[in-house]
Amino acid sequence: GWLSQLRQRAQLFYRPGGLKGPFQLRAWMYHLALCALGRAELPDRTVLVGYRSSGGGKVERLGFRPVASDQARDWLADLVALHGLGQRLPLRLFPGASWAYAEAAADEAKARRAARSAWQADAWSDGDEADPVVRRLWTGEDPLGEPAPPGLTGAPEAELSFERLALRVYGPLLDHREEVAP
């Protein structure tokens, strides 16, 4: 792909809505690609602009701090490897629940409640469980529970647990995210 969102001082992503997990993950991958280049003439920051979902329409600005090029390449390679693995077997990685868990991970009990809330449908949102593909793949199982049986992937099953995958994908993003002043 192209780094088509490059501006003079930063890579810029914007949307006319909230800056939810999937949008931030997409911008994060482009940020890693930019940082992996390690070129001094390019900006090393990425900025996201949207509307705060619970702030009466106020503009929200987030950014990603620079990542060393070697680290950016490693994280990008890991995301690509997870994508490849996800093409062979279902991963316990979900847009809402995984994001909610990672955001609240400092407090395990709170993180589990946030993940369960994002997973379940309610009057205001469908939740991850409402996705027909997710329902089909995880019928009769609790995907936020125990990991896949050993031996299916070649990786230790603990590495594919819901919690580990959420932190593996979203942890570095959250560690490098910051609010950006107007």
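What is the volume of the largest pocket? In this predicted model, the largest pocket has a volume of about 580 Å³. Its lining comprises 26 residues, and those that lie nearest the centre are Lys-20, Gly-21, Ser-53, Trp-99 and Glu-103. Two or more residues of this lining are given by each of helix 1, strand 3 (59-64), helix 3 (97-103), helix 4 (108-119) and strand 4 (177-179). Sorted by class, the lining of the largest pocket contains eight nonpolar, 10 polar and eight charged residues.

The second largest pocket has a volume of about 460 Å³. It is lined by 20 residues, with His-83, Gly-86, Leu-91, Leu-93 and Phe-94 the closest to its centre. Helix 1, helix 2 (69-88) and helix 5 (132-137) are the elements that give two or more residues to this lining. The largest share, five residues, comes from helix 2. The lining of the second largest pocket has 14 nonpolar, four polar and two charged residues.

The packing of helix 1 was examined against two other helices. The axes of helix 1 and helix 2 come within 8 Å and cross at roughly 140 degrees. Angles over 145 degrees would count as roughly antiparallel; helix 1 and helix 2 are therefore oblique to each other. Helix 1 passes helix 2 in a left-handed crossing. On the helix 1 side, the residues in contact are Trp-28, Met-29, Leu-32, Ala-33, Cys-35 and Ala-36, and these meet Ser-69, Ala-72, Arg-73, Trp-75, Leu-76 and Leu-79 of helix 2. This contact has 10 nonpolar residues, one polar and one charged.

For helix 1 (residues 21-37) and helix 6 (residues 162-176), the axes come within 11 Å and the crossing angle is roughly 80 degrees. That angle makes helix 1 roughly perpendicular to helix 6. Helix 1 contributes Gly-21, Gln-24, Leu-25 and Trp-28 to the contact, while helix 6 contributes Val-169, Tyr-170, Pro-172, Leu-173 and His-176. By class, six of these residues are nonpolar and three are polar, with no charged residues.

How values were computed
Residues are numbered from 1 along each chain as its sequence is written. This is a predicted model: local features need pLDDT of at least 70, side-chain atom pairs count only at pLDDT 80 or more; totals for chains, interfaces and linings use all residues. Side-chain values use heavy atoms; hydrogens and water are left out. Axes are lines fitted to C-alpha atoms, for helices over the stretch in contact, and angles run from 0 to 180 degrees between N-to-C directions. Helices (H or I, at least four residues) and strands (E, at least two) are DSSP runs, numbered from the N terminus. Angles under 35 degrees count as roughly parallel, over 145 as roughly antiparallel, 65 to 115 as roughly perpendicular and the rest as oblique. Contact means heavy atoms within 4.5 Å. Ala, Val, Leu, Ile, Met, Phe, Trp, Tyr, Cys and Pro count as nonpolar, Asp, Glu, Lys and Arg as charged, and the others, Gly among them, as polar. On a 1 Å grid over the protein atoms alone, a cavity is a set of points where a 1.4 Å probe fits but cannot get out, and a pocket is an open set with protein on both sides within 12 Å along at least five of seven lines; lining residues have an atom within 4 Å of a point. Grid points are joined across faces, edges and corners, and a volume is the space filled by probe spheres set on the points. A crossing is left-handed if the near helix is turned anticlockwise from the far one by less than a right angle, and right-handed if clockwise.
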